[in-house]
Amino acid sequence: MSLNKKKHTKSPLQPYLVAASIGLLLCYGSFLFVLDEAQAFTLTREDGPYEVISAVFFLMTALLLLATFMRNNKRTRRMTFGNAVYLCLGLLFLFGFFEEISWGQRLFGIATPEYLQEANRQGEINIHNLSVFHARDAEGNRKSGLALLLIAERLFSLFWLIFCCLVPFAFKVHKPTRRLLKRLQFPIVPLSLGGLFAVNYVLSKVITPHLILRLQDPLVEVKECGFACLFLVMGLWFLTHDTAAATTHTVHIPSAQHD
């Protein structure tokens, strides 16, 4: 009986893991085995297919998370802590989408304001390319100390590592943490899906030394596209299998009311 129950609880995740794995294989397979060098540069260039796909996936993830928020809000008729997390995540990925397309700058032919021309490494209207978020200073020297914590890529890595790997791991192995997160109705990424985020990161690190130097930067776009694919699968999972909403304990965020 327990074996049947175990199989039943694991089976819903399998299609999501398969989809996520296929997405990663397509991202890296196309770059490594199908494309020649010229095609690799073409597909990973600014506003190229890899970047466009990443942006679209971020947008779709945002919409899925916001849809989950609205559905749960309609169900509970009040703002829970877990639902507030869905709202924040949805807005975060929406922000990521707009950052990827430089807030529509090239799409609508918007000129970069003067104050951003020097501050932004690519002369674009976005935040993640500001000098403060780059690993090297204006003279090309690598930053050190606390300045390294502000690197855009590192902040992104900390986000997926904590939210998609460390929190699910703590939820699985540490009972007090599991009880707290259940009480808060905190959205939990399935640990096996979180593991694919780590796989995507490790793959890029393993492949990089084996590429010629000029193809190492394009690989960053491939890695980002892989993350975008995994986040999309995560958003689908939350929308269709919202485990947080099934818990009986609720922590509400009080609204300002006047007697």
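The secondary structure of the protein chain comprises eleven helices and zero strands. These assignments, like the values that follow, refer to a predicted model. Read along the sequence, the chain follows the pattern α-α-α-α-α-α-α-α-α-α-α. Of the 259 residues in the protein chain, 38% are buried. The chain exposes about 15300 Å², and carbon and sulfur atoms supply 67% of that area. When contacts between residues at least 6 apart in sequence are considered, 64% join residues at least 24 apart.

The packing of two helices was examined in detail. Helix 10 (191–207) and helix 11 (residues 216–240) pack with their axes 10 Å apart, at an angle of about 175°. Because angles over 145 degrees count as roughly antiparallel, helix 10 is described as roughly antiparallel to helix 11. On the side of helix 10, the contact is made by Leu193, Leu196, Phe197, Asn200, Tyr201, Ser204 and Ile207. Helix 11 contributes Leu219, Lys223, Gly226, Phe227, Leu230, Phe231, Val233 and Met234. By residue class, the contact of helix 10 with helix 11 divides into eleven nonpolar, three polar and one charged.

With a relative accessibility of 1%, Pro187 counts as buried, because the term applies to residues under 20%. Pro187 and Asp242 are 55 residues apart in sequence, yet their C-alpha atoms are 7.5 Å apart in space.

A search of the whole structure finds zero disulfides. For Cys27, the closest cysteine sulfur belongs to Cys225, at a distance of 3.7 Å. A disulfide requires sulfur atoms within 2.5 Å, so the sulfur of Cys27 is too far from that of Cys225 for a bond.

Technical notes:
Residues numbered from 1 in each chain as written. Predicted model: local features only at pLDDT ≥ 70, side-chain atom pairs only at ≥ 80, totals over all residues. Heavy atoms only, no water. Helix = DSSP H or I, 4+ residues; strand = E, 2+ residues; numbered from the N terminus. Buried < 20%, exposed > 50% of the residue type's maximum accessible area, 1.4 Å probe, protein only. Axes fitted to C-alpha atoms, helices over the stretch in contact; angles between N-to-C directions. Parallel < 35°, antiparallel > 145°, perpendicular 65-115°, else oblique. Contact = heavy atoms within 4.5 Å. Nonpolar A, V, L, I, M, F, W, Y, C, P; charged D, E, K, R; others polar. Areas by Shrake-Rupley, 256 points an atom, 1.4 Å probe, with all protein chains shown as cover.
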